[in-house]
Amino acid sequence: MTATTLPLAQNSPSAPRRKPYLVVRARRSWLSVNLRELWLFRDLLLSLTARDIKLRYKQTALGVLWVVLQPLLAAGILSFVFGKLANLHVDETATGKRIPYFLFMFTSLVVWNFFANIVNKVSNILVGNSALVAKVYFPRLLLPLSGAMGMLVDLAVSAILLIILQLTANIPFGPQLLFAPLILLLIMSAALGIAMAATALSVQYRDVAYILPVIVQLLFFASPIAYSVANLHGRSAAFYQLNPLTGTLSFWRWSILGTPFPPLWTIAYTAAFSLLLLLTGTMIFQRMERTFADII
Amino acid sequence: MSSSDLAVSVRNLSKRYMLTHQGSRHATLAEHILDRARHPFRRPDTESFWALKDFNFDVHRGEVLGIVGRNGAGKSTLLKILSRITDPTTGTIELFGPVGSLLEIGTGFHPELTGRENIFLNGAILGMRRREILQQFDNIVEFAAVDKFLDTPVKRYSSGMYIRLAFAVAAHLNPEILIIDEVLAVGDVEFQKKCLGKLQEVSNEGRTVLFVSHNMAAVRQLCTSAIHLDHGLLTKHGKTDEVVDHYTTTRPVPPTLRHPNKHGLTLFTLDLLDPTTNIRTHSPIFNHDYMLKAHIHATKELTYASLRLRFFDDSGTKISSIYSPEEGIPPFTMHGDIHFTFHLPRLALFPGRYIISLEIARPNDPMVYLSVEDALLIEVQPAYLNGATWSYEKSHGLVRLANSAQLEFGVHALACSSAKHANP
């Protein structure tokens, strides 16, 4: 068999060489987020997000109403179990005002649901979109981002409910409310970090889909959602602070309900930990994305 | 040719896959960790496999490059790397313009979404900006002819409508460099024609197209040049006709596989023989008598087996097949040497190239015990028949259906059995 090739361009030195639009080669770096490319694909990001939101309540009788009902029902059940049956203690506001248990629970759940929804949704996002991954090119980071963005709708609805509930309970918002978006960003970073690592691993090992919900469930009880940090004493309390969600939740309730300001180091620890999770998750995702299409 | 009109430039491109052997493959993470813990120093039992090895080629602006090769030659891998779905192992590809690729139509279509919603979603997935989709929206709807069902979920579409809509979105993708894989393999003949027409239109607009297909007629019609891939190597690059001829005449796999496969089966020979002289031939003459003989050896016993031969034309279309139970050979036990003989009296294949594949399977068992694609390649030669003054040629089609004819005149017909005409 004779290998014949047409004259290759590099053999004609006379011609000036144009700069290529794009060069494809094996990627080696540990972290290379191409922000320009993500921006170029912004319409796809919005389309994927819109698809997820539209699909979530297709063929349901109540439709979008579920976004409102779900957190209310969850908070109701949990309030009954923890507030009435277990009679857990909750914080008062810094000015000594008593916070209704349901409101306390709901405030915590807004953040917790945001976190858990992102983790659950994004950890499945590659396997759930395997046809796309195997057949089309787009920056793979768009998938986790679209998953997280889809959860912003639920977050917004919950936030409106929270405002109504809090005003009804006659607990005023303070200037510390300005910190709320920052806290949500930290929560999102932590959730995305965990979920991106999980979804990348699940391409090879589908076990992730089974173990992660258990971990999330465990984390629910290990975090001060249904109770406040003041319930804890001694050595276990110190151990407890290792959970980055502990600081975030105290910080969040301070920002919304005006509960006492948590120790500053817990906030610093939480912030650093969340950003570290995001960085690690992105690195694992990027490292593994080169073979997604081959394995999935 | 100067480099200023380059569209794609591929240098030293290779892709290696790691194959993990059974026994060391880990279905679960726990198994993997356990295995690592037990044998900390053993390297996993993997074998590397070069799907592409050292590719160098250029595609110029406005060129329509056909990529041909048999299954497993590396065509899909090449397209996946060109469209950036997977990374190369070594080498570089320079792309001189935005690339759009269609490895499948309707990727990302969601059955629950309406036609309208899917147009926007699929367009975005293929890399179109929302603005472009809005501009093209009416054309897409018109091309797909689904305007009445725009707000119906596509799960309620007929499969024809679904494919039309999917292709319509794809056809309105306008990148400078377009990569297409076998998109034409779907849909009915009418629709395939429409798709070919659209492709022709795209190439006439001077855009660069890289086109993988098994349909040699389409490749000849559309492509200005072609490359031939064989077992991960680029074996020929040049004018379409030369490459397609090279592809169709290259004897692919040697039909004599001297090593038994994992079921202990070896195909020693598959030959076409002249029944009177017993001489092997690859160039049988149309309408003459032949025998197809297969010699298979079984080192392990295989019960209830059957043999199937498939005939393909050089565009890959299946023409016919021979299945042993249908030819009066009930399922048999294979052990040692087995010889099959099939008589092909008055070979009915019109002149042209044909490829024959062989398969050993068991009725009602999905497992294929021996499969040899391209086991035999024959080129049927023209012949004069029935005193006609012209010979049967390739242009006649593939198979001769009539073998006797009558001509009658008037009310009281007279049989003209002596004047047999095979109308070309």
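Q: Where does Asn287(B) sit?
A: Asn287(B) lies in the chain B loop between strand E10 (265–273) and strand E11 (290–313). Helices (H or I, at least four residues) and strands (E, at least two) are DSSP runs, numbered from the N terminus. This is a predicted model: local features need pLDDT of at least 70, side-chain atom pairs count only at pLDDT 80 or more, and totals for chains, interfaces and linings use all residues. Residues are numbered from 1 along each chain as its sequence is written, and chains are lettered from A and ligands numbered from 1 in the order in which they are written.

Q: Is Asn287(B) buried or exposed?
A: Count other C-beta atoms, placed from the backbone, within 10 Å: 20 or more is buried, 12 or fewer exposed, in between partly exposed. Asn287(B) is buried because it has 21. Asn364(B) is exposed because it has 7.

Q: Which residues of H2(A) are buried?
A: They are Leu44(A), Leu45(A), Ser47(A), Leu48(A), Thr49(A) and Arg51(A). Their cover includes helix H7 (142–168) of chain A and helix H3 (115–125) of chain B.

Q: How many residues does each chain give to the contact?
A: Contact means C-beta atoms, placed from the backbone, within 7 Å. Chain A gives 37 residues and chain B gives 49. H2(A) gives the most to the chain A side, 6 residues.

How values were computed
Two residues are in contact if their C-beta atoms, placed from the backbone, lie within 7 Å.
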